[in-house]
Amino acid sequence: MDKVIIIGAGLAGCEAAWQLAERGIPVDLYEMRPEKSTPAHHTGQFAELVCSNSLRAAGLENAVGLLKEEMRRLNSLIMEAADRTAVPAGGALAVDRDLFSKFITDTISAHPMVKVIRKEVASIPRDKLVIIASGPLTSDLLAEEILELTGEEALSFFDAAAPIVELDSVDLSKAFWASRYGKGEADYLNCPMTKEEYEIFYQALIEAETAEVKGFERNLVFEGCMPIEVMASRGFMTMAFGPLKPVGITDPGTGRTPYAVVQLRKENIQGTLLNLVGFQTHLKWAEQKRVFRLIPGLERAEFVRYGVMHRNSFLNAPNVLKADFSLRKMPDIFFAGQITGVEGYLESAASGLLAGINVFRRIEGQETLVFPSETALGGLALHLEGSPSTDFQPMNINFGLLAPLGCRIRNKKEKNLKISERALKVLHDFIEEKSLNTRKN
Ligand SMILES: Cc1cc2nc3c(=O)[nH]c(=O)nc-3n(C[C@H](O)[C@H](O)[C@H](O)COP(=O)(O)OP(=O)(O)OC[C@H]3O[C@@H](n4cnc5c(N)ncnc54)[C@H](O)[C@@H]3O)c2cc1C
């Protein structure tokens, strides 16, 4: 029987190992911790949550809630661990991080089909089925090897992403579409500020709490892309002369140039998601929500991704990966987790689940699968293959990545629930058609 090599026992690697092992495939799972750690991990446990203990929203009116439910239906180990170790967190699914990692470590280590090897992998076997799930903090030696394998020039980026909000959640009685000096298309959604509003925003921003800066990030943080809060701290007017400059913009509500303006730019082709231009930030996520909601028009903004600043190793997926998570050039090499360009704990685990199923199918001589675009699992994978490769950025799951409903429903919650209902029905039929389940629901 073919043995599969999995590199990295994080969220993606463990889920992939589980999916294979439960289908009777032997796995060698390599993990370099605790002998060699990453700058963000603290333990030798598998699937360690390096930051927040929240796996985000639980309900089906939210895309990450749908992703969770889809994973449950495919016998996800990460979801079983999360459900067993959940702590009260309102509408979110948060876990006791130690129990969560312990459950996964114990379950994987005890599985008769899994052999755990605590060792840093520096070279990738070319003659075996391999899943590389070494995460955003892939060790340097392995990162070099991956570059050689893929023919890419760079893998590690300093991830300095601005927050992304849903267009639907912006108050369009305040924000307006326009371009500077009315040139070209009105591509920017502008949130105008009076002097008083700017003052309140400025004050909140310079007083807001930032996330801890890790040693490995310290040298990177201020290179090239300055966090908005650092810019603000340089002087009251610095932002108003920088990304918030109002020149050439007239507020149709007042007929005047605002004191300052925050611009939002389309993030996806459908135009349903917008990023806050120039707002790369190191603020804590809760602080981002609190402070950025002070911007006129964003009072009820829904954030599909918060701004982040940390080292992040990820492939330029549209160039090198197929939506079944295999390498275009070497189909026996698969990738999973944050290194593929998905973003987030759940998304990483979901990609591990898909890579595991596809490696199994390769062994069985069956075609590999791309899940339907109506499902969150499909939307996630198709985003990797189908995004423009010039500025590919990791993305959390959101409803904008799924096929549109094809009918208009005004109430957003209702609309989202309909999308989820459709997704689960499509997934059910797909699971039956392809005989994907390892156990009966
Ligand atoms: C600082 C930081 C904070 C983050 N905070 C959040 C958050 O709050 N919420 C969220 O949803 N997402 C967060 N993320 C993003 C991401 O979801 C997590 O990093 C997630 O753990 C990724 O899962 P993964 O399986 O791809 O990688 P990991 O969980 O990191 O697993 C990869 C594993 O591979 C091992 N490894 C690496 N190189 C080698 C090698 N050469 N040989 C053997 N083993 C190796 C590592 O030790 C690690 O155990 C954060 C990322 C970072 C870097």
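The legends below describe close-up views of a predicted model. Local features are given where pLDDT is at least 70, and side-chain atom pairs count only at pLDDT 80 or more, whereas totals for chains, interfaces and linings use all residues. Numbering starts from 1 along each chain as its sequence is written.

**View 1. The shell around the ligand.** The ligand has 34 residues around it, and Gly8, Gly10, Cys51, Gly135 and Gly337 come nearest. A residue is counted here if its C-beta atom, placed from the backbone, lies within 6 Å of the molecule. By type, the shell holds 16 nonpolar, 15 polar and three charged residues. Nonpolar means Ala, Val, Leu, Ile, Met, Phe, Trp, Tyr, Cys and Pro; charged means Asp, Glu, Lys and Arg; the others, Gly among them, are polar. At least two shell residues each come from helix H1 (11–21), strand E2 (27–31) and helix H12 (345–363). H1 gives the most, with three residues. Helices (H or I, at least four residues) and strands (E, at least two) are DSSP runs numbered from the N terminus.

**View 2. The five-stranded sheet.** This open sheet has the strand order E6-E2-E1-E7-E16, with parallel pairing. Its edge strands, E6 (114–118) and E16 (333–335), each pair on one side only. On average, neighbouring strands are turned by 20° against each other, direction ignored. Two strands pair if DSSP finds at least two bridges between them. Strand E7 (residues 129–132) and E16 run parallel and are joined by three bridges; Val130 has Ile333 in E16 as its bridge partner. Helix H12 packs on the sheet, where it touches strand E1 (4–7), E7 and E16, and its direction makes about 175° with that of E7. Such angles run from 0 to 180 degrees between N-to-C directions, with axes fitted to C-alpha atoms, for helices over the stretch in contact.

**View 3. The three-stranded sheet.** Here the order is E3-E5-E4 in an open sheet with antiparallel pairing. Strand E3 (54–57) and strand E4 (86–87) each have a single partner strand, so one side of each is left without a neighbour in the sheet. E3 and strand E5 (residues 92–95) are joined by two bridges, and Ser54 has Ala94 in E5 as its bridge partner.

**View 4. The nonpolar cores.** The largest nonpolar core has 82 residues, and Ile6, Cys14, Ala17, Ile78 and Ile131 have the most contacts inside it. H12 gives the most to this core, with ten residues. A separate second core of 40 residues includes Ile164, Tyr202, Met239 and Tyr306. Such a core is a set of buried Ala, Val, Leu, Ile, Met, Phe, Trp, Tyr and Cys residues joined through C-beta atoms within 7 Å. Buried means 20 or more other C-beta atoms within 10 Å of a residue's own, exposed means 12 or fewer, and partly exposed lies in between, with C-beta atoms placed from the backbone. Neighbours within four places in sequence aside, Ile131 is in contact (C-beta atoms, placed from the backbone, within 7 Å) with residues including Val4, Phe334 and Val359.

View 5. Leu377 lies in helix H13 (residues 376–386) and counts as buried because it has 28 C-beta neighbours inside 10 Å. Leu377 and Lys68 are 309 residues apart in sequence and 9.7 Å apart in space, C-alpha to C-alpha. Gly59, in the loop between E3 and helix H2 (63–73), is partly exposed, with 17 other C-beta atoms within 10 Å. Not counting residues up to four places away in sequence, Gly59 touches Gly65 and Gly91.

Note on methods: Two residues are in contact if their C-beta atoms, placed from the backbone, lie within 7 Å.
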